[in-house]
Amino acid sequence: MIRNYIKTAFRSLTKNKGFTAINVLGLSVGLATCLLIVFYVVDELSYDNYNINANRIYRITEVAKLNGNEAAYAGSEKPLMDAIKSFPEIEKTARFIPTNTLFLSPQKFYVRKGTNNIQERNIVYAESGIFDVFTLPVISGKPSLNEPHTAVITESTAKKYFNKIDVAGQTLTINDTSQYKITGVIKDIPSQSHFNFDFFLSYSSIPEYRAGGWGYGGMHNYVLLKPGANIKKIESQMQAIAYKNYPSSMHTNGNYLKYDLTPLLNLHLRSPSQYELMERGSIQYVYIFSVIAIFILLIACVNFMNLSTARSSNRAKEVGVRKVLGSARKYLIAQFLTESILVTLASTIIAVALAWLLMPLFNQMAAKHLSFTTHSLTWLLPSLLVVVVVIGFLAGSYPAFFLSAFQPIEVLKGKLAAGFKGGFLRSFLVVFQFSISIFLIIGTLVIYNQLSYIHNKNLGFNRSQMLVIKNTNVLGKQAKILKQKVKQMPGVVNATMSAYLPTGEDRSMTGLFPVLPIDIKQDVLSEFWPVDEDYMNTLGIKLIAGRNFSNQMASDTASMIVNEAFVKRFGFKDPLNKTVYRDSYGIQPYHIIGVMKDFHFSSLRDAIKPVALVYNEDRGAITAHVNTANLSSLMSQIENKWKELSPNQQFTFSFMDQDFDATYRSEQRIGTIFISFSTLAILIACLGLFGLAAYAAEQRNKEIGIRKVLGASVSAIVNMLSLDFIKLVFISILIASPLAWFIMNKWLQDFAYRVNMSWWTLTIAGLVAVLIAFVTISFQSIKAALANPVESLRSE
């Protein structure tokens with residue numbers, strides 16, 4: 001019996017090649033897109049799952065409100081770990097100390113390889129507890145960070161510097177002077193991890209290390225809890241420690257400081273904290289892409305249902321004859337469901353092949369490393385089997401029950417009217433399809449506008465034609481000589497020496513106070529960037545009050561230029577000649593000599609924060625404003641001058657506009673994925689509409705013939721055939737527009753600087769939807785209108 005079902009279904013599908021092709025194409029593209037999104041979502045949700053005890057690992061998050069500013073921080077204090085490690089609920093502890101924490105000067109690390117020094121960024125200070133808390137498989141030696149100047153490195157790092165893995169006992173030379181003994185080699189950290197370091201240096205090796213008491217944060221503290229530990233109890237105990245060790249001013253006048261335990265598995269997608277170890281993902285985008293996947297799948301299924309019911313009149317006589325010959329309804333249902341499952345099975349096989357072919361392109365778009373692995377097949381194959389059965393049944397259920405319910409007498413008498421106008425469910429499904437499509441069109445327009453706004457916004461500095469020569473601190477004192485030589489070259493407008501650039505990675509924050517004696521209630525966190533006298537002129541940062549730094553004034557080393565956000569945060573009406581104080585190795589006063597216009601130096605999701613420029617030498621990078629038609633010649637001159645000063649060091653550079661694009665790459669990447677998937681969803685909807693229009697025209701074939709004989713024009717017939725569909729599109733616009741307006745407005749709220757949604761966005765989306773629908777329908781309508789009426793009326 002089953003064999004007969006399959007045989008009959010195959011014969012029916014091959015007989016209606018157009019119907020089958022549209023359904024298979026729509027379902028396969030929809031399933032392939034869903035499959036790619038599923039891989040993306042699974043990858044995002046799998047972060048840190050490689051840890052055996054992932055469900056019991058927590059990161060201590062510091063949440064503080066001070067003088068009206070509330071924020072969560074990934075780092076907390078060093079003494080906190082010492083105070084809680086004896087809690088009975090805590091099994092193990094671990095901590096990372098990133099090299100740019102507040103109580104350490106930001107550092108650059110150059111690791112010697114032969115005669116070259118290679119800059120490495122993935123370096124962290126740590127304690128041996130990390131090997132007890134996290135799952136970091138050892139492949140060589142016995143990893144330990146208990147002794148000063150010891151290190152643990154990853155497998156790829158060992159191969160990079162020693163061309164082998166078994167390097168325990170060997171030494172690394174860092175920054176020319178520091179020798180670190182390698183105690184062990186671990187496997188590379190999985191890409192799905194909230195940290196991905198290559199070098200783990202012993203905590204006791206921190207240069208100029210000092211104890212760092214309460215108030216000096218920045219350490220990433222982790223705890224491995226015992227099974228069944230009471231999270232709320234531990235948090236309340238930590239709160240008591242905060243009350244005990246912080247001044248009362250931190251807990252009065254609306255100020256507070258508390259510690260939360262953030263689950264390890266929440267760090268990548270759900271952490272609200274600043275200063276995470278790596279770029280975070282967004283659970284919001286996981287939800288958005290999951291919804292898009294469901295929408296695409298629903299659109300593909302709706303196509304199948306619509307086309308099956310639309311061609312019901314073509315199969316009505318077949319059903320009538322079968323029933324007259326004694327076929328029971330259940331056998332007819334089984335027959336139609338078999339057809340549906342066969343179409344779904346074929347679509348699924350094609351979808352897997354499509355997803356495999358498109359995976360490299362998708363990885364490039366999403367900056368992922370997704371692939372069909374043995375592990376993924378363990379969940380993929382059973383899932384696909386379920387998909388075939390469920391989608392096959394759901395997509396085929398309505399046609400199966402609808403067609404099998406036909407009464408044979410009515411069918412054989414020709415009384416059945418299953419036309420387009422008579423199908424309420426079919427009209428509802430078209431509205432549903434196009435409501436989704438219009439929602440996605442509006443979403444695509446809003447995202448595109450926001451990305452264009454980010455790319456074209458005046459950031460308050462000039463990023464065009466800015467050459468950044470990197471790692472210049474390997475030149476030592478000769479870095480300043482290189483800057484002067486570059487500045488004098490033809491084609492160079494100006495040059496500055498500092499690694500603290502709006503598009504760079506170097507950042508330094510410090511606490512500043514308006515008066516003495518220092519009162520923590522008046523502490524203001526500010527960026528604190530050492531620059532030279534050419535910095536503002538080179539980058540085109542506008543000075544709106546006061547003066548620039550001068551190398552002729554020795555007092556400028558105790559001066560600063562601040563931005564508008566700094567002035568606003570301190571509440572200065574006239575900031576010039578005001579003095580602010582920094583508590584770092586003693587009280588340091590800084591005299592404000594200028595105010596610069598705000599400029600962006602982080603994501604446009606964030607409001608501009610206070611920035612203070614101080615006149616101090618930083619040799620991290622040289623930035624040159626170039627203006628020449630012969631850039632290659634200029635680059636050769638600069639590289640030759642570099643080699644004169646340091647022949648053994650690698651010359652590396654970038655352009656600031658490229659660095660800017662890298663800063664906003666995450667938003668650009670998400671936008672590209674959203675636009676691509678939305679376009680696919682719209683195309684799948686159009687495919688279904690194309691099929692419906694074909695069957696609607698076929699069903700009204702005789703009517704069209706009579707109208708043409710009576711003198712109807714081609715345009716009149718096209719309008720007649722299109723009107724029913726266009727009405728449904730207008731209904732879809734009315735449904736989708738308010739929903740899209742609300743949701744996209746909510747998405748834009750994540751950006752401190754954003755475009756405003758305008759009425760024309762909805763208008764354009766509506767016009768695009770109508771145009772797409774009309775073009776799709778017109779192809780079949782014009783074809784039907786141009787047909788010879790003799791062909792359709794010959795049998796009458």
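**Ground rules.** I am working with a predicted model, where local features need pLDDT of at least 70, side-chain atom pairs count only at pLDDT 80 or more, and totals for chains, interfaces and linings use all residues. Residues are numbered from 1 along each chain as its sequence is written, and side-chain values use heavy atoms, with hydrogens and water left out.

**Entry 1: the sheet.** I looked up an open sheet of 4 strands, in the order β15-β23-β14-β24, with antiparallel pairing. Helices (H or I, at least four residues) and strands (E, at least two) are DSSP runs, numbered from the N terminus. Two strands pair if DSSP finds at least two bridges between them. Which strands are at the edges? They are β15 (492-497) and β24 (653-655), and each pairs on one side only. From one strand to the next, the twist averages 20°. Strand β14 (residues 466-470) is joined to β24 by 3 bridges. Leu-467 stands opposite Phe-655 in β24.

**Entry 2: helices on the sheet.** Contact here means heavy atoms within 4.5 Å. Axes are lines fitted to C-alpha atoms, for helices over the stretch in contact, and angles run from 0 to 180 degrees between N-to-C directions. Helix α14 (residues 478-488) lies across β14, β15 and β23 (621-626), at about 165° to β15. Helix α17 (residues 631-645) touches β14, β15, β23 and β24, and its direction makes about 25° with that of β14.

**Entry 3: a hairpin.** I found 5 bridges between strand β4 (residues 109-113) and strand β5 (residues 116-120), which run antiparallel. Lys-113 has Asn-116 as its bridge partner. The hairpin has 2 residues between its strands, and Gly-114 in the turn has a positive phi of about 65°.

Entry 4: Most residues other than glycine have a negative phi, and most peptide bonds are trans. I noted His-149, whose phi is near 55°, a positive value. His-149 sits in the loop between β7 (138-141) and β8 (150-154). I also noted a cis peptide bond from Leu-516 to Pro-517, with omega near -5°. Pro-517 is in the loop between β16 (509-513) and β17 (524-531).

**Entry 5: aromatic rings.** Rings of Phe, Tyr and Trp (its six-membered ring) pair if their centres lie within 6.5 Å; planes under 30 degrees apart count as stacked, over 60 as edge-to-face and the rest as tilted. I get 31 aromatic pairs. Why is the pair of Tyr-40 and Phe-362 edge-to-face? Their planes are at 80°, so the pair falls in that class, with centres 6.3 Å apart. Tyr-40 is in helix α2 (residues 17-45) and Phe-362 in helix α10 (residues 329-366), 322 residues apart.

**Entry 6: the second largest pocket.** On a 1 Å grid over the protein atoms alone, a cavity is a set of points where a 1.4 Å probe fits but cannot get out, and a pocket is an open set with protein on both sides within 12 Å along at least five of seven lines; lining residues have an atom within 4 Å of a point. The second largest pocket is lined by 22 residues. Among them, Ile-288, Val-291, Phe-439, Ile-743 and Met-744 lie nearest its centre. Helix α21 gives the most to this lining, with 8 residues.
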